[in-house]
Amino acid sequence: MASMWRLNLYNTNIDFLHWRKLAMGWSIAVLLIALGSLLIRGMNLGLDFTGGTVIEVQYPESVEIPMVRETLAKAGFDNAQAQHFGTSRDVLIRIPPHDQRNAATLSNEVLRALQDAKGGAGATLARAEYVGPQVGQELVEQGGLAALGALAGILIYVMFRFEWRLAVGTIAATVHDVIFTVGWFSLFQLEFDLTVLAAVLAVIGYSVNDTVVVLDRIRENFRKRRKGSVVEIMNRSINETLSRTLMTSLATLLSVIVLYFLGGTVMHGFSIAMIVGILVGTYSSIYIASASALYLGISREDLLPRAKEAVDERP
Amino acid sequence: MATPYTLNQYPWWKYLLIGLVILWGLIFALPNLFGEDPAVQISGARANIAIDPAFRNRVAALLDAEKLPHKRLELEADRLLIRFADPEEQLKVADVLKDRLGRDYIVALNLASSEPGFLRALGLSPMYLGLDLRGGVHFLMQVDMDATIKQVENSYVEDVRAQLRAEKVLYTSVGRAANGGIRVEFKDGAERDKAAQVLHKQLPGLQQSEPDPLSLRLTLGEPEIREKRDFALQQNITTLRNRVNELGVAEPIIQQQGNDRIVVQLPGVQDTARAKEILGATATLEFRLADEENDWAQAAATGRIPLNSRLYKDREGRPVLLQKRVMLTGDSIVDAASGLDQQSGGPAVFVTLDGKGAKRFEDATKDNIGKRMGVVFIENKTETKRVDGELKKTAYTVEEVINVATIRDRLGRRFQITGLDSTREARDLALLLRAGALASPIEIIEERTVGPSAGKENIAQGFRAAMVSLLVIAAFMVGRYRWFGVIATAALAANVVLIVAALSMLQATLTLPGIAGIVLTMGMAVDANVLIYERIREELRNGNSPQAAIHAGFDRAFDTIIDSNLTTLIAAIMLFGFGTGPIKGFAVTLSIGILTSMFTAVTGSRALVNFIYGGRKLQKLAV
């Protein structure tokens, strides 16, 4: 155990870019699967985006789902879905948007029906949400805009900060992470709601953060070391930042895992998106960003300080 | 070039500055430690109902007589707060007080921070908890603007007809066109041109176009449409505000969102059915002539009401006797605005009626010049009360005379009400007139309700997740970086304190996703320390002395830290810009967390490192 803590990742000399073709191939294959799943299976969009009603009811004792369904059907909610949520005392009921009898009072009617049924006397409302179809549509648009805005803002920042090939590499890595995370939710049909969208945006921030550190080192090493090929210097930089990359990812991963187990069911989607995003973000900052820049034909000259900068840096 | 001995030393004022920032954080975060008492809050239903020491004594006597346990009564600027040890006592007292105090007072359940008085005196308060953490209802309502414009156009149809008739222009039909606007048809072009002139002069607000030789199309101008939409929105906000007061909610939020939406947040409300009932109540107005032949006070005292009259009360509770016949109802009112009377300079309310209403009102007032006229505000409400353990719903109407004025002239489309005591009274009257005008349809398009126990559970889970996350990261950092890990943990703890302090100071809303943001920031905040420490290790390996390694580690990692934090900040700001509700809470804590973490992880931990290691001769560094 102690040896793991003292692990000297600095002394590693892994030829990461040797596998760049393999990594690229793997990434492209995974992205194709993700995109294919998005096209074929689509997203399991949550209430926030589809509109509809969700009601969470807490019973004093554990309750059988078929009984709840029967009660709901009898009360005229034929399209209602019921499932346990967390414990056997909690029931989550979904009613799709096309079944809107007076939508705004639906949650009250459902609760009343459940309370009137046998064994439902002590049932209490834990949470009720109704989202009208127009609001759902807007949230989809705003969510998409937020993601695009974040990507654009970061692209502009990275363009100013780095040479364009590295900037494109960063964005490639980030887009890769977003598609992977969203594809994961599509493939496993996990519910994609507003909090998951927030997590995806946080993944964008995190992924760039991770990548920028590696790119910073690549730039630094290009300026510092006169010897060595582009691939060698990139490998060197990735190795030098490897322990930081892994340590930070581990620390963030730990906090998100804690959130998954202790943050309650509401936070599950958020934590899963973050966990997936951090794992794939760590991989992409090692492989995708630098390999993309390499394929775009980056050279030492591209990263050497321009004349004006050289003057500025003189003491 | 400095020698390694003077490296890593901060001047005393830097330590002081950092200490002050941490102290500031501790002070602002302090109110959050004290928790909340269940409380009942009483305020006046109207401005003229005093909440004073006498009222406090009255309530105290009432509670004592009923032997209702309570912690203490606190008299504040315009409310009385009663604190309790447990929520059951709170509910019991709220029920009793609602019953005893009647409709003059608003009795609301509240959670009052139990922070000590000196903190409150300093203006410090705990974080504002979102509805998902404290329980309550959030409604997003949309005003149907198409219907609003339709209403306005319909009222113009009457006006157009009246104007054309008055000028003896021959038309075949006037009506609302299916695709919006008003269509007037004529038998020949000459009549149409005449009509165009008349309407241009009399109704300049309408824009004219000529779709074909024998008709005229009239549409509302852009400024008028904007004005009407704004009016409809303000009217609904006013009405909702009055209703929410009725509901007895301690800290309601009623806000405009966008062009045609209203957000209503009612913390602590559990009975959403009742909330919807009350928010959806309707109000109307009636104009009635005053009964000038009988003595109002006497009628009220004896209870003998003349056959053709009805007894009302005004807002101060004084009796008013009005005739039974209704001159005009509120749905004829197009606008009501407060301002100053041009002749007397006193406060006035300017009322605009629609065409049909104007005609009716002209007829009703022309023979009654010099007589008085009362405006009655009528609200249809339903109330759910517990009777013998069962919930019973009763519908009732509240009627109140909001103004009595003398008719000075034949009143038509536009008239003004003067003789008001203050501009405030004028404003109130205009608000009430608008609230009783023909309401624009409003619809609930989003609802989010969180039960109070679910809210408590969310807080408990969020708090536990944050604490465990802090401990796990601390263990991880100490395991990897030894003493430097302890320093990173101290910086992390300081970061959490600063986030809580900033949220408390800004009174930003803390939501469950907001807590997720704090937990996430913890993971990301140590990134800065990881960067620095790994760099120090690297420098040590390159053969640098411990002091030089520390110096270079902090120095070189700085650019990278700025880069990586800025990019996350960009994503957080985008999230804030586009996100709604709870997601905004995530963006807020994430942004604040990034900013504070740059301070604690870089400056704060540097100060600690300097304090411990600076100026010492180091052979080895355990990092």
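This is a predicted model: local features need pLDDT of at least 70, side-chain atom pairs count only at pLDDT 80 or more; totals for chains, interfaces and linings use all residues.

What does β17(B) pair with? One partner is strand β16 of chain B, residues 333-340; the two run antiparallel and are joined by 7 bridges. To find one of the pairs on your screen, look for B:G339, whose bridge partner in β17(B) is B:A348. Together β16(B) and β17(B) make a hairpin, with 6 residues between the strands. In that turn sits B:G345, with a positive phi of about 80 degrees.

Another partner of β17(B) is strand β20 of chain B, residues 414-417. This pairing is also antiparallel, and 4 bridges hold the count here. Here you can look for B:T352, which stands opposite B:R414 of β20(B).

Now chain A, taken as a whole. How many helices and strands does chain A have? There are 13 helices and 6 strands. For 315 residues the globule rule gives 20 Å, but the radius of gyration of chain A is 25 Å, well over that, so chain A is more spread out than a compact globule. Along the principal axes, its C-alpha atoms fill a box of roughly 80 × 45 × 40 Å.

As for burial, 48% of the 315 residues of chain A count as buried. And the contacts: taking those in chain A between residues at least 6 apart in sequence, 78% join residues at least 24 apart.

That is the end of my part.

Definitions and conventions: Residues are numbered from 1 along each chain as its sequence is written. Chains are lettered from A and ligands numbered from 1 in the order in which they are written. The radius of gyration is taken over C-alpha atoms; the globule rule is 2.2 Å times the number of residues to the power 0.38. A residue is buried if 20 or more other C-beta atoms lie within 10 Å of its own, exposed if 12 or fewer, and partly exposed in between; C-beta atoms are placed from the backbone. Two residues are in contact if their C-beta atoms, placed from the backbone, lie within 7 Å. Two strands pair if DSSP finds at least two bridges between them.
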